[in-house]
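Here is a short report on how parts of one protein chain meet. Keep the sequence and the 3D view open as you read.

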Amino acid sequence: MKNIITSKIFLACLLIFSAIAACNQFTAVPNSSSQPLASETPASGSTANTAVPTVVPVETAVEVSAGSSGLGDSLYPGFGNGGYDTLRYTLDIAVNDVATSDLTAIVTIEANATQNLGSFNLDFNGFEISELTVNGEPAEFSRKGLELTIIPFKPLIEKESFTVVIKYSGSPEEMQSVALPVQTGWVKAVGRSFVMSEPDGSASFYPVNDHPLDKAFYTFRVTVPKPYEVAANGQLTETIENGDTTTYLFELRDPMASYLATINIDKFEIETMESKTGIPIRNYYSTSLSKSYREPFARQGEMIDYFSELYGPYPFEVYGSMMMDTEFGSALENQTLSIYGTDMINFDDMEETERTVAHELAHQWFGDSVSVADWNEIWLNEGFATYSEGLWIEHISGRDALDKWIKLIYADVANSPEYYPPPGNPPADDLFNGGVYERGGLTLHALRLDVGDEIFFKIMKTYYDRYKGGNVITDDFLSVANEVSGKDLTNLLDDWLYSEQLPSILELGLGAK
């Protein structure tokens with residue numbers, strides 16, 4: 001993203017004449033793993049829908065527990081849910097009215113249980129749920145805040161797969177992000193809608209395990225009234241004419257973190273191109289925009305090939321950008337389809353805008369493929385994308401231009417430390433502060449100067465290759481840097497990431513002599 005402003009619960013199953021009775025639940029302290037066992041019991045007054053169970057003979061009792069209602073993220077402990085690993089989401093959404101985003105949806109979730117489950121949670125905001133099944137059987141469910149708690153008729157056994165189908169309808173409710181003061185998720189604009197959900201907006205339009213730790217494959221089947229069109233993640237594999245409506249089918253064939261899922265509805269002009277290495281590019285522009293908005297995206301193919309040389313092969317099947325005719329103050333690296341508002345295009349400084357395009361593209365490697373394991377590690381996304389801006393400057397204008405850019409950024413950070421705090425410990429209510437961007441980028445440049453170009457770019461390639469498609473923390477990057485360089489770089493990274501005092505870059509005459 002780039003901004004303008006910068007318990008354990010047990011359910012005892014008793015067999016009495018082949019009937020199943022559920023006993024009390026009690027809460028215990030969660031463990032320290034990435035999938036804690038604690039779960040919040042729905043409070044009185046929360047809504048519930050109860051299915052009438054069929055009595056099924058069972059030969060042995062199974063000890064089960066509730067999946068946690070959070071994954072223990074250090075900044076946002078309630079994000080995500082434990083007890084299962086999501087494999088695929090299929091979002092079948094029919095938008096009935098683009099102006100209000102009134103929709104009906106069927107979401108199918110395929111997952112594997114990672115423990116014996118008596119219940120589990122999804123993150124979901126608003127809408128009216130009309131039907132919910134687990135493995136084809138009606139399931140009890142209750143709702144409290146963003147937590148949707150599901151109690152399947154039969155326990156889910158560890159390592160076994162299961163399928164959840166949820167039917168719902170309504171219009172997405174407006175959600176405010178907990179990380180910064182903006183609307184997140186599904187956003188309604190005049191004559192169109194778009195989705196940008198970092199870090200917490202996906203629950204605004206589909207039930208989800210909303211944390212980067214649980215990546216999954218996606219299928220989007222979205223129906224809209226004519227003449228509207230749809231742009232979403234992945235490859236458009238089919239377009240179906242239904243008379244007054246059109247259905248667009250998109251397949252995303254690489255696992256994705258939930259916050260990167262996007263569905264955009266407008267009337268589009270589509271521009272196609274291809275990088276020299278054969279990566280297809282499709283850009284979507286609101287038809288109401290002039291062709292001048294295409295200028296900063298013209299070199300995306302060159303950027304893909306350049307970053308592929310630096311970091312490793314482009315991670316996905318396709319790339320492109322979405323240019324919406326509305327202002328929302330940021331751009332976001334949705335997987336395979338970055339999104340921009342008109343206020344991110346600076347016609348007085350197209351080089352700056354082109355750097356923003358490079359920033360979002362670089363996130364496909366660092367953020368989308370190599371994803372954070374905890375939101376506290378956001379500098380691993382933003383610092384890397386910011387430094388990629390500098391590398392693009394170096395590519396087109398030379399090392400002197402990079403040095404000039406580094407000096408400007410350093411001066412900004414040094415002169416306004418309140419806006420650029422140490423990037424290693426961002427506050428929960430200001431996740432995307434300037435420090436995770438600019439000082440995060442300076443951290444990588446300081447590392448490059450310390451180890452030299454050859455070792456630095458070997459570190460970057462090794463780090464990406466080792467963790468592509470997975471999740472990381474800073475210690476993972478440090479481990480790779482130490483391994484490749486043969487040096488202990490702990491103090492260097494600690495100073496840049498955690499010290500209140502901004503370190504010097506003596507090679508450029510920056511900081512204390």
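Which residue forms a salt bridge with E354? The partner is R299, and the closest N and O atoms are 3.9 Å apart. A salt bridge here is a side-chain nitrogen of Lys or Arg within 4 Å of a carboxyl oxygen of Asp or Glu.

## About the model

This is a predicted model: local features need pLDDT of at least 70, side-chain atom pairs count only at pLDDT 80 or more, and totals for chains, interfaces and linings use all residues. Residues are numbered from 1 along each chain as its sequence is written, and side-chain values use heavy atoms, with hydrogens and water left out.

## Salt bridges

The structure holds 17 salt bridges. Take E354 and R299 again. E354 lies in helix α2 (residues 350–362) and R299 in the loop between β24 (280–286) and α1 (300–311), so the pair ties together parts that are 55 residues apart in sequence. Helices (H or I, at least four residues) and strands (E, at least two) are DSSP runs, numbered from the N terminus. E354 is buried, at 12% relative accessible area. R299 is partly exposed, at 30%. The cut-offs are these: buried means under 20% relative accessible area, exposed over 50%, and partly exposed in between (1.4 Å probe, protein chains only).

K226 and E241 form another salt bridge, with the closest N and O atoms 2.8 Å apart. K226 sits in the loop between β18 (216–225) and β19 (229–232), and E241 in strand β20 (residues 235–241), so this pair ties together parts 15 residues apart in sequence. K226 is partly exposed at 40% relative accessibility. E241 is exposed at 53%.

D453 is in helix α6 (residues 453–467) and R399 in helix α4, 54 residues apart, so the pair links distant parts of the chain. D453 is partly exposed, with a relative accessible area of 36%. R399 is partly exposed too, at 28%. Salt bridges that share partners join E394, R399, D403, R448 and D453 into one network.

## Helices that cross

Two packed helices are described by the angle between their axes and the distance between the axes. Axes are lines fitted to C-alpha atoms, for helices over the stretch in contact, and angles run from 0 to 180 degrees between N-to-C directions.

Helix α4 (residues 399–415) and helix α5 (residues 434–451) have axes that come within 10 Å and cross at roughly 130°. That makes α4 oblique to α5. Angles under 35 degrees count as roughly parallel, over 145 as roughly antiparallel, 65 to 115 as roughly perpendicular and the rest as oblique. Residues in contact (heavy atoms within 4.5 Å) include L402 and I406 of α4 and L442 and L449 of α5.

α1 and α6 pack at about 95°, with axes 7 Å apart. That makes α1 roughly perpendicular to α6. E309, L310 and Y311 of α1 meet F457, M460, K461 and Y464 of α6.

Where is I304 found? I304 is in helix α1. Is I304 buried or exposed? I304 is buried, with a relative accessible area of 0%. Among the residues that I304 touches are S275, Y314, L361 and W365, not counting residues up to four places away in sequence. I304 and E274 are 30 residues apart in sequence and 9.8 Å apart in space, C-alpha to C-alpha.
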